[in-house]
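This briefing covers the overall build of one protein chain and the setting of a single residue within the fold. Please consult the display below alongside the text.

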Amino acid sequence: MPGSNFGTLFHISTFGESHGPALGVVIDGCPAGLALTEEDIIPYMNRRRPGQSQYTTARSESDTPEILSGTFNGVTTGAPIAILIRNTDQRSKDYSEIADIFRPGHADFTFFEKYGIRDYRGGGRSSARETAARVAAGAVAAKLLREFNIEAIAFTKSISDITVDDKFLDPMENRVRRDDVLKSPVFMPDSAAGERACAFLDKKREELDSTGGVVRIHVTGLPAGLGDTVFEKLDARLAGALMSIGAVKGVTIGDGFSVSLSTGSLDNDSFYADDDLNIHTTSNHGGGILGGMSTGCMIIAEAAFKPTPSIAKEQETVDKAGISRKISIKGRHDPTVVPRAVVVCECMVNLVIADALLTNATARLDNLHKIYRR
Ligand SMILES: Cc1cc2nc3c(=O)[nH]c(=O)nc-3n(C[C@H](O)[C@H](O)[C@H](O)COP(=O)(O)O)c2cc1C
């Protein structure tokens, strides 16, 4: 089954199923000398972990990461870093009723058509449980980025049509505080919008239904010129990274689809030079990326999530034999996947930026001179 590798120089390979004994990731290419222990990874795992609030599934995994290789005395050695996350709450029996039925909106049908084998226990590799491995890797990437004061912060921009106040969406300056995001049960920095979103989610749960939303990611501290050309543009890499997360149906950078309604004179981000002749832009419609490379402005990306496919409301479907069936999905499912997906988005962005940072180091001869010229 191809598809579990990501990145070029900061390369990850993930493995494991939702209801197997464990899942994990091997990170290859993390430079030696980075201070790294499980304590750096645990806060990220906790943000993704089920059962964090009444709006996330009650499945209770401790999601404790174990670093199996690649560090010595709490510092990376340059060797592959293997991180294992054991599954402790599989409960396969919850899924036995749907073993032969294709859940609408889920990946059962396409996996079965492709492989002819279906791991019905929670969806196997199509289960969002695989995102635990991405988050572990993204936490390591975040630690690397912190060395250079680069930080990605993701938050819930909207749940259905309930959106955070415009002040949190300023494209020129990150006004989102991590503490405000983390104290919200739905990871919205705007507590008033968060309360409205929670009430809306309660209603969806009562209706046995689900809803979608948008996660927004701000990246600060980036120098200009990060990212590559043609197929490896930074915006293309970010779009692919975010789109690879289950339930994402749209990704935008900067002003996104609304650029189609703009004009050149409004959309162009004008340049100016400060007193020290450093070049900046007066606006940031481009979301911090121009020609596939960072401009030095804050990077802004958004990912739109569809409603959680598994709902308790009765739906029409068919089984493997093509016989019509009704399905009402029992068990532990969120009225929206958005809050748990916030840290997944942040970690995917961390991985893309860490990879771009390493790649960029070889872009100029003078960088190589700094390392090798004696
Ligand atoms: C963090 C996260 C949690 C998710 N939790 C659930 C869930 O509890 N139930 C469910 O049906 N889908 C859940 N999903 C979405 C499915 O994994 C996804 O919709 C499904 O695999 C089909 O893939 P697609 O929507 O990308 O086409 C979750 C997705 C993410 C990112």
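Helices (H or I, at least four residues) and strands (E, at least two) are DSSP runs, numbered from the N terminus. On that basis, nine helices and 18 strands make up the secondary structure of the protein chain. With a radius of gyration (taken over C-alpha atoms) of 21 Å, close to the 21 Å from the globule rule (2.2 Å times the number of residues to the power 0.38) for 374 residues, the protein chain is therefore as compact as a globular protein of that length.

This is a predicted model: local features need pLDDT of at least 70, side-chain atom pairs count only at pLDDT 80 or more, and totals for chains, interfaces and linings use all residues. Residues are numbered from 1 along each chain as its sequence is written, and side-chain values use heavy atoms, with hydrogens and water left out.

**Dimensions and contacts**
- The C-alpha trace of the protein chain spans about 70 × 50 × 35 Å along its principal axes.
- Among contacts (heavy atoms within 4.5 Å) with a separation of 6 or more, 72% join residues 24 or more positions apart.

**Burial**
- Of the 374 residues, 48% count as buried, meaning under 20% relative accessible area (1.4 Å probe, protein chains only).

**Thr211**
- Thr211 lies in the loop between helix 5 (191-206) and strand 10 (213-220).
- The relative accessible area of Thr211 is 7%, so this residue is buried.
- Leaving aside residues up to four places away in sequence, Thr211 touches Ile159, Ser160, Phe200, Leu201, Lys204, Lys306, Pro307, Thr308, Pro335 and Thr336.

Technical notes
Buried < 20%, exposed > 50% of the residue type's maximum accessible area, 1.4 Å probe, protein only.
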